[in-house]
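Subject: Handing over the structure

Dear colleague,

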Amino acid sequence: MKKLIFLRTKALLCLLFACSFSIFAQNNQEKKQLFDSNWKFFLGDAQDAKNVDFNDAAWRNLDLPHDWSIEGKISSKNPTGSAGGYFPTGIGWYRKSFKVPAEWKNKNVSIYFEGVYMNSEVFINGKSLGVYPYGYSSFSYDLAPYLRAGQENVIAVKVDNSQQVNCRWYSGSGIYRHVWMMVENPVHIPHWGVGITTPEVSARKAKVQIKTVVQNETSLPQSVTVKTVLVDKNGKKSGIQQTSIELAANSQKDVAQTITVSNPLLWSPEAPNLYKAEIEIVNGKQVVDESKNTFGIRSLKFTAENGFQLNGKTIKINGGCVHHDNGCLGAAAYDRAEERRIELLKAAGFNAVRTSHNPPSEAFLEACDRLGLLVIDEAFDGWRTSKTKFDYSIHFDAWWQRDLNAMVLRDRNHPSIIMWSIGNEIIERKEPAAVQTAKMLANAIKKIDPTRPVTSAMTTWDKEWSMFDPLMAAHDVCGYNYQLNRAADDHQRVPSRIIVQTESYPRDAFTNWQLVQDNKYIIGDFVWTALDYFGESSIGRWYYSGDIPGEHWEHDFFPWHGAYCGDVDLTGWRKPISHYRSMLYNNTEKLYMAVREPAPEPIEIKETLWSVWPTWESWTWPGFEGKNVQVEVYSKYPKVRLFLNDKLIAEQLTGREQQFKATFAVPYVAGTLKAVGIENEKEMETTILQTADQAARIKLTADRSELLANGQDLSFVTVEITDKNGIVQPNANNRLTFTVEGEGTIAGVGNADMKDCDPYVGNSRKAWKGRAQVVLKSSHNAGAIKLIVSSPGLVEAALRVKVLTNSKL
């Protein structure tokens, strides 16, 4: 009788459980819900702000992502100093009130933060859920035990970035990446619970392995089926597999499935084809959970004999390092801003990026997958020995495992990622203990993902380079910072070593390109850096005789508050070095011309290690009439001719022996400068520079004319000051005023001058070299944004950007 009662009770519980699943299926409720809107923010410490009944009526309303440092005043007195770009930090609080929907009943509910900088403590209804120190890791907390049905619930987050200096570059402050609410049934696939690999790949077929964790958080055993469908970019089903499993009460099980895909669409930078693995957990006839996972089918192979091979083809890496800030937006990781960075990198000819020196945002990696950019995903800047007083070294022993796991579990399905990096210029790299640490970190990665190699970036400027052999042996690919000249000797000593230059000086582009091209064991080069960034102030600076000499670590060079060593400046303009580097590695452009800035004698221009000579797309040099100006022409044609006002100046060879470059000394005369690429004595291509008249007009160019009404979409508007004929006046520095009407706001304003300390959040900015930038952000309502830009003495300009709902895009 007791057995019969037990069976009836069990059947009833199973029926109730199935009914709750049925409700889930009928409502088709998203298990991952964006939680960015309608937060309250206070800059400062508020000890009682964790409590539900705390009065936050006077606090600021905002949507995430948010970085309060970029909103503050740049000052030499700020404790971030040169490393952090002299931006303010401090302590900030965020609060959000919400009610629990009826659909959340009997569900697992957690909150997921993609990134909070730093030392965040999260509270739910006054209860502390924990402290997370590392500002670049993603993390989550279980909310279900503390939620109050039918009442207001309050999430409060304390962010403490007051201990300075804790980072060697601009970090930003706050909840600068997305926040999500995760709502799941008791039987579910946990977050980051799916791993996808492609161990066998050919043009005819590929094997896709899907490992899915299924968790049963009920007190009863469950019988479920794991159904996985692979779908290609065209929506075509490419394979299906179903696996039935038995789950004990309060347990989890790993389910391994292998699906063969015929004639796969392979992923590469040239053809970034993506698939989806659509996974359902089925109980009876009800879908109790589902997970959609984007991945790519591709093979990776690294050898000293053939270098780096993607899908069986050797690829030479033209890479760039990037920090995580988005120019005038600071650290705020808007999806569109992250996507635009990948667009800029691709347009500049890069095929790879190194996320120095921390895991990037999810949106950044998703854009790399979608647009086709190879990635080295990097975990840390340091291990146990500090570089700054409050950096990761104070957390390493307690947190490295969680932070490394978070990176690899979160990012492992991205086809763009080709290597994991465990560190950068580790201070203790000369100590024997560093070898053991490297092995510990590499082994931890390989337990989760054995399919990718592990690297880290190493350097020393003394003569003891060979002492790194044991440390390099703990890596699959050896990263050299600025030391690629040692590669030939290293190859003789250790022929099996695979080498990548993880950082290089911009001016060494040709030398490094030759080493990469001529040696199979050198797989590529990553320049420091691809994009200008805040912090590490004055790297890449040039200066004039009479100024304080030296490198960025030798003096305080305020008002410099950022690095000018990027191929692309803060507004997205490609510097001449960008065109030169791309020309070396690619065939997408074959002719480019710029002019080296002349120094007003007797003053001289001085360079620093990470600089290149200041060179501009300009033939407007008043005051230098009749004096020689150096004109640089980069060319993949055998030779070039240079004309000034239709008169031939000279002809020069521009082959490899000439480093694909010609330099002409030209007495400056206003007019038109023309370079012509010559092949077989035929004029193949022409590029010109024209002297600009005085500033007269404002030209506006938006990178996007339609935005989504989600409160986060962006349009980056380039502002150029031109003469009456539309030629950019490269010496213009007019003060610009920005006015916005309609369904949007100004998210940021800026220029590329790392010495201009005007606010990056506001409605005014000076032009620099004839250019500035304003970033528009959509509201939550459909309509339009009208931007008006004015300046005394110039004809004002206006543009409109549409703001549309999903259905209209």
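What follows is a short account of a few residues and peptide bonds.

This is a predicted model, in which local features need pLDDT of at least 70 and side-chain atom pairs count only at pLDDT 80 or more, while totals for chains, interfaces and linings use all residues. Residues are numbered from 1 along each chain as its sequence is written, and side-chain values use heavy atoms, with hydrogens and water left out.

Let me begin with S69, which is placed in the loop between β3 (60–62) and β4 (90–99); here and below, helices (H or I, at least four residues) and strands (E, at least two) are DSSP runs, numbered from the N terminus. S69 counts as buried because its relative accessibility is 2%, where buried means under 20% relative accessible area, exposed means over 50%, and partly exposed lies in between, with a 1.4 Å probe and protein chains only. The side chains of S69 and S173 are joined by a polar contact of 2.7 Å, that is, a pair of N or O atoms within 3.5 Å, of which, within protein, one must be able to donate a hydrogen and the other to accept it, and residues adjacent in sequence count only if both atoms are side-chain atoms. Leaving aside residues up to four places away in sequence, S69 also touches F87, P88, T89, Y170 and G172, among others, contact meaning heavy atoms within 4.5 Å.

V226 belongs to strand β14 (residues 222–231) and is buried, with a relative accessible area of 0%. Its contacts, again not counting residues up to four places away in sequence, include V214, Q241, I245, V255 and I281.

Turning to the backbone, most residues other than glycine have a negative phi, and most peptide bonds are trans. The bond from F558 to P559 is cis, with omega near 20 degrees, and P559 sits in the loop between β31 (543–544) and β32 (562–563). The bond from E601 to P602 is also cis, with omega near 5 degrees, and P602 sits in the loop between β33 (591–596) and β34 (605–606).

Two glutamates have a positive phi. For E425, phi is near 45 degrees; this residue is in the loop between β25 (417–424) and α5 (432–448) and counts as buried at 15% relative accessibility. For E681, phi is near 65 degrees; E681 lies in the loop between β40 (672–679) and β41 (682–690) and counts as exposed at 52% relative accessibility.
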